[in-house]
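Please look over the sequence and the model below before reading on.

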Amino acid sequence: MSQLPIRTTLCTQLVTLLRKEIEDGKWGAELPSEAELCRDFQVGRMTLRRALAELSKENCIALGGHGKFHRICGQPRARTISPARTIRVLTPFLVSRWGPTERTLLETFSDRVSPLGYRVKIEYCRKVHEKFLASKLERLGALPDTAAWLLFFSTEPILQWFATNNRPAVLVGPIHGNLPISCVYPDSTASARHAVGKLYSCGHRDMVYFQEKLTSLGDRISSEVFVSEAFRLGARARIVTYDGDARSLGKATQHILASRSRPTGYVTGSSGMAITVLCHLLEAGIRVPKEAGLIAMWDAVDLDVTHPTIARYRADGKLMGRHLEMIMMDLLLHGSSKMRAVAVTPEYISGGSIAPLRQ
């Protein structure tokens with residue numbers, strides 16, 4: 001059975017945090033008062049009590065009565081810390097090409113693991129992603145002081161290598177098949193369906209999804225969902241690939257605009273490239289959004305300074321970073337644990353590039 005995404009509630013996150021602190025022996029025999037816990041974890045009393053009830057069902061704590069502290073059951077686990085202290089980030093793209101979501105995610109993750117004695121180091125290796133060679137990953141895997149890996153934009157062969165060689169790793173993105181690697185990812189399939197719905201409701205019946213040739217699994221899945229959802233609604237959609245630079249995308253856009261059946265709805269998997277598409281549309285004399293609609297699947301600061309501004313989707317990088325830290329520390333402190341797939345639903349940010357089509 002394929003792994004299903006889990007949308008965690010605030011209560012579920014709090015249960016995980018409290019359980020971890022208890023297992024690490026932070027509080028000894030009793031929990032602090034509920035008022036202190038609410039203040040420390042910045043949650044309301046009702047959320048805290050639901051989390052405490054869950055821990056009680058697990059026999060992790062014994063709930064105290066009125067005016068009594070909640071008692072911790074059993075002995076805390078011995079905290080086992082690996083002497084290796086480096087968490088390496090494997091990526092095919094330079095950080096300068098990352099969007100704000102990825103940067104915020106990594107910054108949040110780094111800020112949370114640093115006080116625990118870990119450092120984060122970027123390992124940029126485009127060749128491993130373009131053409132998989134086990135020997136290259138073996139050389140990377142032999143780097144000293146490596147505690148674990150954070151995998152960005154990974155291909156299926158890369159993930160299979162990490163799973164087969166039992167290397168501790170957490171994936172930023174959806175997992176391939178049933179590979180035993182936990183992951184945190186923006187639910188881009190939900191965004192793709194929403195994007196089709198927005199374009200369709202504005203009158204667009206012919207759409208295109210621009211996709212880089214070297215891209216993530218999430219982008220490939222979302223483009224396929226985009227096409228199938230458009231077909232379900234009775235519209236036409238196609239995927240157009242390009243080499244990943246503005247010049248290549250410009251040629252692809254010009255080719256589309258010169259076609260007999262010119263689409264009116266445009267989506268880009270890359271945030272920055274949405275500006276390239278907008279410029280080519282305007283240069284061709286196509287009015288946006290009156291004659292064409294444009295949506296970016298990812299957020300970027302520059303999308304707010306164009307005219308018109310560009311509609312896009314924004315994933316909560318801080319929330320994803322916190323999820324990654326909790327999963328990673330559970331992996332490092334307790335070894336292999338239950339595989340988790342946490343999907344974070346992106347927020348739609350409206351812009352001037354979408355409005356009812358006028359023909």
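**A helix and its surroundings**

Helix α8 (residues 188–201) has 14 residues, which at 1.5 Å a residue should span 20 Å, and the distance of 20 Å between its end C-alpha atoms agrees with this; the expected span is taken as 1.5 Å times one less than the number of residues. Helices (H or I, at least four residues) and strands (E, at least two) are DSSP runs, numbered from the N terminus. The model is a predicted one, in which local features need pLDDT of at least 70 and side-chain atom pairs count only at pLDDT 80 or more, while totals for chains, interfaces and linings use all residues. Residues are numbered from 1 along each chain as its sequence is written, and side-chain values use heavy atoms, with hydrogens and water left out.

Which residues of α8 are buried? They are Ser-188, Ser-191, Ala-192, Ala-195, Val-196 and Leu-199, where buried means under 20% relative accessible area, exposed means over 50%, and partly exposed lies in between (1.4 Å probe, protein chains only). An α-helix has 3.6 residues a turn, so residues three or four places apart point the same way. The buried residues of α8 pack against β7 (183–186), β8 (206–212), α9 (217–233), β10 (265–268), β11 and β12, with contact meaning heavy atoms within 4.5 Å. Just after α8, Gly-203 takes a positive phi of about 100°.

Two of these packing partners are themselves paired, where pairing requires that DSSP find at least two bridges between the strands. Strands β11 (residues 293–296) and β12 (residues 311–314) run parallel and are joined by two bridges, and Ile-295 has Ala-311 of β12 as its bridge partner. With strand β14 (residues 347–349), β12 runs antiparallel, joined by three bridges; here Arg-314 is the bridge partner of Glu-347 in β14.

Arg-314 returns among the residues that line the largest cavity, together with Pro-186, Ser-188, Ser-191, Met-297, Trp-298, Tyr-313, Ala-315 and Pro-346. On a 1 Å grid over the protein atoms alone, a cavity is a set of points where a 1.4 Å probe fits but cannot get out, whereas a pocket is an open set with protein on both sides within 12 Å along at least five of seven lines, and lining residues have an atom within 4 Å of a point. The largest cavity has a volume of about 40 Å³, and α8 and β12 each supply at least two residues of its lining. The largest pocket holds about 790 Å³ of space. Its lining has 41 residues, of which Arg-97, Gly-99, Glu-102, Phe-153 and Trp-298 lie nearest its centre.

Two loop residues complete the tour. Asp-304 lies in the loop between β11 and β12 and is partly exposed, with a relative accessible area of 47%. Leaving aside neighbours within four places in sequence, Asp-304 is in contact with Thr-309 and Arg-312. Pro-32, placed in the loop between α1 (10–23) and α2 (34–41), counts as buried at 15% relative accessibility.

Technical notes: Grid points are joined across faces, edges and corners, and a volume is the space filled by probe spheres set on the points.
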